[in-house]
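Welcome! Please take a moment to look over the sequence and the 3D view below before reading on.

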Amino acid sequence: MRGPSGAGKSDMALRLMARGWRLVSDDQVHLWRCGESLYATAPRQILGQIEARGLGIVSAAPLHVARVASVVDCVQQATERMPEADRIDLCGLSVPRLTLDIRPQSAVETLIRSIVGLEP
């Protein structure tokens, strides 16, 4: 997930974590390509930490390495109801991209359903 400061990325991550998903990183991520896959990990100094507005920095069980399945651009505005498929190039790989208004309660379910076949 990516977006400007205050877009709600950490809030969305906390909602996903409440459903059994695990934190990779908050605010910064290291990306690298291995063959035809893209991977992510947290910088050591922020591993297992996430900022929860109103609480500050809280600890979370980290997922040390994750394969990147898609990019979610987090916005706080209405998005297209039936958008065309979109992709982004990262580290020389084409990755699916979703632009998602993360304010609605249904945003978590929308995000999960957009990543076909991926379970926590």
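This is a predicted model: local features need pLDDT of at least 70, side-chain atom pairs count only at pLDDT 80 or more; totals for chains, interfaces and linings use all residues.

## The nonpolar cores

The largest nonpolar core has 13 residues. Met 12, Leu 16, Leu 100 and Leu 111 are the ones with the most contacts inside this core. Two or more residues come from each of α1 (9–17), β6 (71–75), β8 (93–101) and α2 (107–114), and α2 gives the most, with four residues.

Leaving aside residues up to four places away in sequence, Met 12 touches Met 1, Leu 100, Ile 102, Ala 107, Val 108 and Leu 111. There is also a second, separate core of 10 residues; among them are Val 68, Val 71, Leu 90 and Val 95.

## Helix α1

Which residues of α1 are buried? They are Lys 9, Ser 10, Met 12, Ala 13, Arg 15 and Leu 16. An α-helix has 3.6 residues a turn, so residues three or four places apart point the same way. The partners of the buried residues of α1 are β3 (49–52), β6, β8 and α2, against which they pack.

## Strands and how they pair

Next, the strands. Strands of a sheet pair through backbone hydrogen bonds, either parallel or antiparallel. Strand β7 (residues 86–90) and β8 run antiparallel and are joined by five bridges. In this pair, Ile 88 stands opposite Val 95 in β8. The hairpin of β7 and β8 has two residues between the strands, and Cys 91 takes a positive phi near 55° there.

Elsewhere, three strands form an open sheet in the order β1-β2-β5, with antiparallel pairing. At the edges are β1 (30–34) and β5, each of which pairs on one side only. Two bridges link strand β2 (residues 37–41) with β5, and Ala 40 stands opposite Ala 66 in β5.

## Asp 101 and Arg 103

Now for a polar pair. Asp 101 sits in strand β8, while Arg 103 is found in the loop between β8 and α2. Their side chains make a polar contact with each other at 2.7 Å. Arg 103 is at 49% relative accessibility, which lies between the limits of 20% and 50%, so Arg 103 counts as partly exposed.

The surroundings of the pair are worth a look too. Not counting residues up to four places away in sequence, Asp 101 touches Val 75, Gln 76, Gln 77, Ala 78, Thr 79 and Ala 107. By the same rule, Arg 103 touches Arg 15, Gln 76, Gln 77 and Ala 78. Arg 103 and Asp 11 are 92 residues apart along the chain, yet their C-alpha atoms are separated by 9.5 Å.

## The largest pocket

At least two residues of the lining come from each of α1, β5 (66–67) and β6. The element that gives the most to the lining is α1, with five residues.

Note on methods. Residues are numbered from 1 along each chain as its sequence is written. Side-chain values use heavy atoms; hydrogens and water are left out. A nonpolar core is a set of buried Ala, Val, Leu, Ile, Met, Phe, Trp, Tyr and Cys residues joined through side-chain atoms within 4.5 Å. Buried means under 20% relative accessible area, exposed over 50%, partly exposed in between (1.4 Å probe, protein chains only). Contact means heavy atoms within 4.5 Å. A polar contact is a pair of N or O atoms within 3.5 Å; within protein, one must be able to donate a hydrogen and the other to accept it, and residues adjacent in sequence count only if both atoms are side-chain atoms. Two strands pair if DSSP finds at least two bridges between them.
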